Amino acid sequence: MQEDAIQADHLQRFIFDNAAIRGEWVQLKQTWQTVKVQREYPPAVASLLGQMLSAAALLAETVKMSGRLVLQCRSNGPVSLLMVECTSDHTLRGLANWNGEIADDATMQELLGEGNLAITIENVEAKQPYQGIVSVQGETIAEMLEMYFAQSEQLKTRIWLATDEHTAGGLMLQQLPEQDPEQHDENWNRINFLAETVTNDELLNLDAVSLLYRLFHEEMVRLLSTTVLEFACTCSRQRVADTIKLLGRQEAEEIIAERGMVELACEFCNTHYQFDPVDVAGLFSDPLNIQNDSDTLH
Ligand SMILES: [Zn+2]
C-alpha cells in the first residue's frame, strides 16, 4: 500500500509567501502509461498527447467546478484530433487521432497545421458550458495555452510541459491579484527568470519538493494541498446502448444481419461492448407494448 501511495500520480499546489503568485506541479506516470497503451502512438504524437494530459490536470485544478475540463485540439494537419479530459474527481483520459506516417522529430506546427484548441469546462451547476478557443500557434502546447491565458485572463500565466516514454509532467505559475503593480511585475519577472531554467529532465524526474527547492530556494515557497490523480474512463454499457439507439433500429438490425452482433469499442479505454441480437431487440422494444408485440405502435 505504501508503495502505491509513493507512486501515485499527483499534483502539488504551492504559493509564494513573498510574492502574489501561485503555482502547480504535476507528474503523471501510471495515468500516462494507461493513456498511452490504448493505441500505438507514433512518438511525436504521444509527446503532444502527454503534454495535453499534464496541461489538463494543471488547468482543471485552477477551476472550481463539479464536472470536467476538456482540452480539444482539432486541426487540418496529420494529427486531426487531440483530446484530453480531467474531471473534478481527479480522473484523466485522453486520445489522439492521426493519419499517415509521422516523423519522430515532427514539430507541433507540422503535426497540427491549422486548427484550434478549445478549452471547455462542463460544470453541472452551470446551465451552459464555458468554452474558450485559441488558434494553433506557438511552438509548443504550453505556448499555445499561455497565449490563450494572455487573450482571455487578466492574470499572467506561464506553463512548462514535458513528456517522455514513462512520464508526463508540468509546472504552472499564475499571478494573483495584488495592490502594488510595480512590485507585482518585479516579483513576476524575478520568479519567472528562475522558473525559466527548468529542464524537461527536471520536470520528469524530480519530485515536487526537490524541483521547487532547486528553482526557488531563494524565495519563500509554501506547499499547499496535494491531489492524487488517476486514469478513469467515463464510458459505460448504458452510454453505448444510447449510442446504438441513436443509430436507429434499421441500422442496428443491418449490422446484426451482417456481423451477428453490434460491437463498439471505447476510444479512450478500449473496452469492447457487445450487443447480441437479443440485446439489440431489447433496446428498441417498447416495454409498455411487450405483451402484444404484433400490435406495436411506432
Ligand atoms: Zn472507456
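On one side of α8, Val-209 and Tyr-213 are exposed; exposed means over 50% relative accessible area, buried under 20%, and partly exposed in between (1.4 Å probe, protein chains only). This is a predicted model: local features need pLDDT of at least 70, side-chain atom pairs count only at pLDDT 80 or more, and totals for chains, interfaces and linings use all residues. Residues are numbered from 1 along each chain as its sequence is written, and side-chain values use heavy atoms, with hydrogens and water left out.

Which residues of α8 (residues 208–216) are buried? They are Ala-208, Leu-211, Leu-212, Leu-215 and Phe-216. They lie on the same side of α8 because they cover an arc of only 95° around the axis, taken from the directions from the helix axis to the C-beta atoms. An α-helix has 3.6 residues a turn, so residues three or four places apart point the same way. Helices (H or I, at least four residues) and strands (E, at least two) are DSSP runs, numbered from the N terminus.

The cover over these buried residues includes β1 (9–16), β2 (21–28), β9 (168–175), α6 (181–195), α7 (200–205) and β10 (221–231). Contact here means heavy atoms within 4.5 Å. Asp-207 caps the N-terminal end of α8, with a side-chain oxygen 3.1 Å from the backbone nitrogen of Val-209.

Leu-223 belongs to strand β10. Leu-223 counts as partly exposed because its relative accessibility is 41%. Setting aside residues up to four places away in sequence, Leu-223 touches Gln-12, Arg-13, Phe-14, Val-209 and Leu-212. Leu-223 and Glu-258 are 35 residues apart in sequence, yet 59 Å apart in space, C-alpha to C-alpha.

Now the domains. The protein is divided into domain 1 (2–231) and domain 2 (237–287); the bounds come from an automatic or database domain assignment. Their centres, taken over C-alpha atoms, are 37 Å apart. Eight residues from domain 1 and four residues from domain 2 make the contact.

Together the two domains bury about 640 Å², 53% of it on carbon and sulfur atoms. Buried area is the accessible area (1.4 Å probe) that two parts lose on being put together, summed over both. In domain 1, Gln-38, Arg-93 and Leu-95 lose the most area to domain 2, together 63% of what that side buries.

How many salt bridges does the rule find across this interface? It finds one, where a salt bridge is a side-chain nitrogen of Lys or Arg within 4 Å of a carboxyl oxygen of Asp or Glu. The side chains of Arg-39 and Glu-267 meet in a salt bridge at 3.5 Å, N to O.

How values were computed
A polar contact is a pair of N or O atoms within 3.5 Å; within protein, one must be able to donate a hydrogen and the other to accept it, and residues adjacent in sequence count only if both atoms are side-chain atoms.
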